[in-house]
Amino acid sequence: MLLNFAVSRELRPGGIDTRLNLCYHNFAFHRNVCAIVFFERFDIMKERISITDIARLAGVSSSTVSHVLNQTRYVSPEITERVMKIVADTGYHKNRLACSLRQKRTNTIGIILPSLNAGTYYGKSLEAIEKELSAHGYNLIMKASSNNPQAEKDAIEYLLSWKVDGIIIVLSDNGYDYSQVPCPVVLIDRAPEKQTVSGFYIDNYTITCQVMEQMLQKGYRKIALISPTPQFAPTMHRIQGYQDTLAKHGLPLRQEHICYGVATIDDGRQFAQRIAHNTDADAVLILSSPMTVGAMSYWNENGVRIPQDLGVMTFADYDWIRLSNPQLCGVIQPNRLIGECAARQIYRQLQGHKEIVTQFLPCQYFEGKSL
């Protein structure tokens, strides 16, 4: 038996009448069904196929097609095969927006980072977040704040407008109450002044005290500091560890040994020159990867021998410090673990768990050859 279907759809606005002239051949042989669909005039790239269209072509109800696609109810293998063949032939894709409206969730998580540069400090955390959440069927929408509180608020509003189920944030506003955001929020890396939502951070104070003790044990007493200007908790905690360890050993805090600036290669080079030629420092602690790159490039180019002339300790990225010349002593930061913890926590909250969890995760010391 030959069945001819003419499916009409009127698209608004514009009043364009688009017709799909479809020929559907259904041959019954014994108890086996073979369905062949011919398209007389159909451009897959221009037409948007719906579940209703699939149902008409397959000769079943829309709910049956839905059960086949979502595997929510048993459907006979014959019908399943017929539906999936038509789905493949038409290039049908689920309307995720419609599904989201029905389910009242979007299976998306917003991410707000200071920068979306793939090579930045947060790359490992982001990889871990994506891996953990994709295993539960979630996708990510990312925005950058550029360390600007207003840009961060705009990013939150944007993500909420897309009905994200939750947001993971590297904060740009120390005083903002993130519990006011109308969806689960988890903070990473930068701790706020007041803990009102879950967060996972590095224990920067403890590891800074530890590496300062390492430097002192090796005989260094005039330890300089190259650091980003203190604005957020990680840098402030590291500086506090530096100052407290000097005070613990009765060593003076000398302002000429302290260099604050922007976390860039250029500032790293500038401060490296100042320390090498205008101070009597015998070692330096560097709190930024770009500043470390700049400082090491200057010292290597200008004959400053590490560690013979100057000892160096850094918070630079672990993958980079292993390849430096000489291999730098430094801090291995648990960025991947922070991402995993944040993803697991926001997933727990999406399952209804209300407990606020705050953790400061420990770092490890990497023994290089720069001290």
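Is Arg305 buried, partly exposed or exposed, going by relative accessibility? At 48% relative accessibility, Arg305 counts as partly exposed. On this scale, buried means under 20% relative accessible area, exposed means over 50%, and partly exposed is in between (1.4 Å probe, protein chains only).

## What you're looking at

This is a predicted model, where local features need pLDDT of at least 70 and side-chain atom pairs count only at pLDDT 80 or more, while totals for chains, interfaces and linings use all residues. Residues are numbered from 1 along each chain as its sequence is written, and side-chain values use heavy atoms, with hydrogens and water left out.

The pLDDT (the predictor's confidence in each residue, from 0 to 100) averages 84 over the protein, and 83% of the residues score at least 70. Over residues 1-46, though, the pLDDT is below 50, and in the model this stretch has 76 contacts beyond near neighbours in sequence. A contact here means heavy atoms within 4.5 Å.

## The overall build

The protein has twelve helices and 15 strands. Both come from DSSP runs, numbered from the N terminus: helices are H or I with at least four residues, strands are E with at least two. Of the 371 residues, 45% are buried.

Take the contacts between residues at least 6 apart in sequence: 63% of them join residues at least 24 apart.

## Salt bridges across the chain

There are twelve salt bridges in the structure, each one a side-chain nitrogen of Lys or Arg within 4 Å of a carboxyl oxygen of Asp or Glu. One of them pairs Glu127 with Arg336, with the closest N and O atoms 3.4 Å apart. That pair ties together distant parts of the chain, since Glu127 sits in helix H5 (residues 123-134) and Arg336 in helix H12 (residues 335-350), 209 residues apart. Both ends are partly exposed: Glu127 has a relative accessible area of 48%, and Arg336 comes in at 36%.

Glu367 and Lys218 make another, at 4.0 Å between the closest N and O atoms. Here too distant parts of the chain are linked, 149 residues apart: Glu367 is in the segment after strand E15 (364-366), and Lys218 is in the loop between helix H7 (204-217) and strand E9 (223-228). Glu367 is partly exposed at 42%, and so is Lys218 at 40%.

## A pair and a network

Back to Arg305: its side chain meets that of Asp309 in a salt bridge, 2.8 Å from N to O. Asp309 is partly exposed as well, at 35% relative accessibility. Elsewhere, salt bridges link Lys222, Arg254, Glu256 and Asp280 in a network.

## Where H1 meets H2

Two packed helices are described by the angle between their axes and the distance between the axes. For helix H1 (residues 51-58) and helix H2 (residues 62-70), the axes come within 8 Å and cross at roughly 105 degrees. The axes are lines fitted to C-alpha atoms, for helices over the stretch in contact, with angles from 0 to 180 degrees between N-to-C directions. H1 and H2 are therefore roughly perpendicular; angles under 35 degrees count as roughly parallel, over 145 as roughly antiparallel, 65 to 115 as roughly perpendicular and the rest as oblique.

On the H1 side, Ile51, Thr52, Ile54 and Ala55 meet Ser62, Val65 and Leu69 of H2. By class, this contact has five nonpolar, two polar and no charged residues. Nonpolar covers Ala, Val, Leu, Ile, Met, Phe, Trp, Tyr, Cys and Pro; charged covers Asp, Glu, Lys and Arg; the others, Gly among them, are polar.
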